[in-house]
Amino acid sequence: MNITTEELKELKKLSSKLRIDILELLERGGSGHIGGSFSCLEILISLYYKIMNKGIPNFTNKKRDRFILSKGHAELAMYVILQDLGCFSRKEKDVLKAYNSKFQGHPNKEWIKEIEFSTGSLGQGISFALGQAICGREDGFDVYTLLGDGELQEGQVWEAIIAIPRLNINNLTIIIDYNKYQLEGETLTIKNIENLKQIFEAWGYYTKIINGHDYESIIRECSLKLEKPKVIIADTIKGKGVSFMENNNEYHGKQLSKKEISLAKKELVDKGV
Amino acid sequence: MEALRDVISAELKKIGKENKNLIVIDCDMGTHTRMKKFFDTLPNQSFQMGICEQNAMSVASGIAQCGKISVISTFSSFLVGRAWEQIRHSVVYNNSNVKLIGTHAGLSDSDDGGTHQCIEDFSLMMCIPKIEVFAPAFKNETIKIMKHIIETKTPAYIRVGRSEIVETNDKFEYNIGEPIELFKGKNIALISTGEITHEVIRAKKELEKHNLNCEVIHISSLRPLNEKSIVKLLKDMKYIYTIEEHSIHGGLGSIIAQTIIGKTKCIEFKTLGMKEIFGQSGDINCLRRHYGLDYMSITNTVLEGIERRKSI
């Protein structure tokens, strides 16, 4: 699928708006995983607004395409998108991580029904997505899952990676948010992105490294229909969009000061898109 | 004579032929769990996930969330031990319609030794909210439990052993969640769960030789469990013994103690089970004797209790 210049402009505007929405969510209280939410925002926007069912998903449709946020610590990105899609209206009590708030510390389908799978414990989303993809083959839908690069350290991920090609799954797209950081510092997996690509290729996957903030690449690769399973290694920047947060792991999940929020918002507004 | 794993497999096959939404997942143990029979008959409803229980558990949840009934089966030890967090998170936390069938539970995989035996499953499952936990001892009861779990959408775990069970008249009425009073008795109650109940029935008969008339209660449903019924059956009992092929921590003994404390005339309460020890290889009867769980050990424990207190 290709997008027009006009569509691209709209998507870039949406990135900016949703980054500001995230900051506003944080302004109301609580601390969220801002770095990892900013790194994958373009990927989530592409999926929810362009790829899945080729437009805004109908969450009650049995044949809807599914997105599983295996890296549950990108909750902020998911919350602002579902909010923007009109899945819920935000109430006063809905402060991030607050008591009785729908914005739980990690995405929870008990609180927001449009979330396909409650995540938070790493490594399980990819297997759940595989289960969904097995059913999607018959029911006619596609499944997308996003993993953190640090999440690749979970053994269960590799159990799934081995099983997927063996089961001839070709309606599942695995996207890796390769932002190069995990909680305690630099990601402890393979440093060379090309080597990582070769590993997936050896297991039988179509594998592509892309710029994870470039809408055209994300949309082109995600919409590609293939006869084999697909891994997209999205080269991203943790904290993308706000200069003092970019590649600064202090912003993995820290509570932002009012000053930081205002500076970040100003920068996003000044950039225009 | 049949083993309960055969009973479960046959029942699933029967249900699966009628209900195409029933999916069975194996983790390279189908021959032993008997799920191979289901796989051979209904290949389109079968998924071989291989030796990866954690992945298989989350896959089962993904399938269930598409409107299917996922049944996942392997040895209890690897099912609820290896994939515990996936049961908690992928299955129960997400309220997925997944049924866990654990075979070779307790000491029943006696030859394979401690790694393959499972004496922790009740505690591992009972500490997770909502998931139903069953340990049947009889054929008809097992069939009834299978029907129940397939009809309801709650996550559930069933544990069975490996051996053929003793032919017993199991025409008693069984309602999910209710204790089964196998024999009415006075003052002494023997309460058990799972296939060790067959040893308990033998112990009851042995104790009759000593003019002791024991109440025998079999509990196959640890959750749900009607606590009022338990208290009603036990309120006049002075000697209460729980027997399980499980650690003494967090299983039947703990559940009964928690349920009846302060509500009975009990002067002696003993939990018979595995005490701070792993199993080992050996013949099942030999192992049960070694760990104090065969019918003679149960008999002697009761006799010693009565002798010590000099009263009945």
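Seven, seven and seven: the lining of the largest pocket divides into 7 nonpolar, 7 polar and 7 charged residues. Here Ala, Val, Leu, Ile, Met, Phe, Trp, Tyr, Cys and Pro count as nonpolar, Asp, Glu, Lys and Arg as charged, and the others, Gly among them, as polar.

Some ground rules. This is a predicted model, where local features need pLDDT of at least 70, side-chain atom pairs count only at pLDDT 80 or more, and totals for chains, interfaces and linings use all residues. Residues are numbered from 1 along each chain as its sequence is written, chains are lettered from A and ligands numbered from 1 in the order in which they are written, and side-chain values use heavy atoms, with hydrogens and water left out.

Back to the pocket. Its volume is about 370 Å³. A pocket is an open set of points on a 1 Å grid over the protein atoms alone, where a 1.4 Å probe fits, with protein on both sides within 12 Å along at least five of seven lines. The volume is the space filled by probe spheres set on the points, which are joined across faces, edges and corners.

Which residues lie nearest its centre? B:Ser163, B:Glu164, B:Glu195, B:His198 and B:Arg288, out of 21 lining residues, each with an atom within 4 Å of a point. Two elements of chain B give two or more residues each: α9 (197-208) and α12 (284-290). Helices are DSSP runs of H or I, at least four residues, and strands runs of E, at least two, numbered from the N terminus. Domain 1 (2-165) and domain 2 (180-310) of chain B each supply at least three lining residues. Those bounds come from an automatic or database domain assignment.

Next, the interface. 23 residues of chain B contact 26 of chain A, with contact meaning heavy atoms within 4.5 Å. The buried area is about 2,000 Å², 51% of it from carbon and sulfur atoms. That is accessible area (1.4 Å probe) lost on putting the two parts together, summed over both. On the chain B side, B:Asn55, B:Cys66 and B:Asn94 lose the most, together 26% of what that side buries.

How many salt bridges cross between chain B and chain A? The rule finds 0. It asks for a side-chain nitrogen of Lys or Arg within 4 Å of a carboxyl oxygen of Asp or Glu. The whole structure has 39. One of them joins A:Lys17 and A:Asp84, at 3.0 Å, N to O. A:Lys17 sits in α1 (5-27) and A:Asp84 in α3 (75-84), both of chain A, so the pair ties together parts 67 residues apart in sequence.

Last, the backbone. The peptide bond from B:Arg223 to B:Pro224 is cis, omega near 5°.
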